[in-house]
Amino acid sequence: MSLKHVVIGGGTGFVGKRLVKILQADGYEVTTISRMPAIKHMTWHDLEKDGLPDGTSAVVNLAGQNVLDPSRRWTSGFKQNVWNSRINTTAACARAIEKATVKPRVFVSISGVSHYPAGPKPNTEEAKTVEFDFMSKLCVEWEKAANLSENSICRGVKVRSGVVIGREGGMIQSLILPFWFGLGGPIGDGSHDLPWIHIHDLCQLIKFAIENDKVSGILNGVAPQLITNKDFTKAFASALIRPALFPLPEFVLNLIFGKERAVLLTQGAKVVPEKPVQLGFQYQYPDIKSACKDVAHLFVK
């Protein structure tokens, strides 16, 4: 079996595209699972029907409907799509691994940090997670869907990602225009915590998990620097050489997104990457200033 054939669910998304490029640049063969067939792609139906491609050495699932799509109203149908697109795809990957005659070496699944409660205490991977709203319940069930049988020889890794900082999508794509025109500012008073990670570091952490047999269980996919929304606002505005004088009231976001999903922007917990640091993972963007400088450089010459 090749040690460098990775199957990626959601490989056409924001994080997936970057991960595919990083893996291919390092000599990996990559097969993407997506809704539509294409070269080096397979569909979710193909996965259910035919199983994993021969020689699959690792499976990564990043699939999931964009929760913060402002063009989609927070209806019961959209909520179900958000739920199913994460849990069903993760479960499909787990089933395919269980059915495989020759098991891949590792299954890396992604989830979020929404089931860590807000408060003054930093949450390591050993901290208790809590179900208290839609997003927290989603994260709990998302991780359950990734569980493999106890006798599985495939190593399981669950990466709990913070807000992903990258110029190709995510929060930065939503904020670049108001900040560029000097209309950016903190959300509310900006005092709530913002667990975050640069997209390059998240992809490298996934690659690190694929390649290191000692890595298993939960990894907090966040940068080591604890920041608030106000800290991010200051760093991003500074990187763009723009003022940030216009606070965005929470009720506006609640109106735009609905309160259940607006919490991703209006609330947060202190989350620290204890295990990645202990395992020797090296961050390229460990602080928010360097991360914002990188994502802003295309706009500021």
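A polar contact is taken here as a pair of N or O atoms within 3.5 Å, of which, within protein, one must be able to donate a hydrogen and the other to accept it. In this predicted model, such a contact stands at the start of helix 11, where a side-chain oxygen of D287 comes to within 3.3 Å of the backbone nitrogen of K289.

Helix 11 spans residues 288-296, and its buried residues are I288, A291, C292, D294, V295 and A296.

**Strand 5 and its partners**

Strand 5 (residues 106-112) is largely enclosed by the rest of the structure, because seven of its seven residues are buried. Both of its faces are covered, with V106, V108, I110 and G112 buried on one side and F107, S109 and S111 buried on the other. Strand 5 pairs in the parallel sense with strand 4 and also runs parallel to strand 6; the table sets out these two pairings.

| Strand paired with strand 5 | Bridges | A bridge pair |
|---|---|---|
| Strand 4 (residues 58-61) | four bridges | V59 and F107 |
| Strand 6 (residues 155-161) | seven bridges | S111 and R160 |

Each pairing also belongs to a β-α-β unit: strand 4, helix 3 (residues 76-99) and strand 5 make a right-handed one, and strand 5, helix 4 (residues 134-145) and strand 6 make another that is likewise right-handed.

**Nonpolar cores**

The largest nonpolar core contains 44 residues, and those with the most contacts inside it are I8, V60, V108 and I210. The elements that contribute two or more residues to this core are strands 1 (5-9), 4, 5 and 6 together with helices 1 (14-25), 3, 4 and 6 (199-211). Helix 6 supplies the largest share of this core, eight residues.

For I8, when its neighbours within four places in sequence are left aside, the residues in contact are L19, V20, L23, V30, T31, T32, I33, V60 and L62. One of these, V60, is itself among the residues with the most contacts inside the core. V108, also listed among those residues, is one of the buried residues on one side of strand 5.

Notes. Residues are numbered from 1 along each chain as its sequence is written. This is a predicted model: local features need pLDDT of at least 70, side-chain atom pairs count only at pLDDT 80 or more; totals for chains, interfaces and linings use all residues. Side-chain values use heavy atoms; hydrogens and water are left out. Buried means under 20% relative accessible area, exposed over 50%, partly exposed in between (1.4 Å probe, protein chains only). Two strands pair if DSSP finds at least two bridges between them. A crossover is right-handed if, with the strands pointing away from the viewer, the path from the first strand over the helix to the second runs clockwise. A nonpolar core is a set of buried Ala, Val, Leu, Ile, Met, Phe, Trp, Tyr and Cys residues joined through side-chain atoms within 4.5 Å. Contact means heavy atoms within 4.5 Å.
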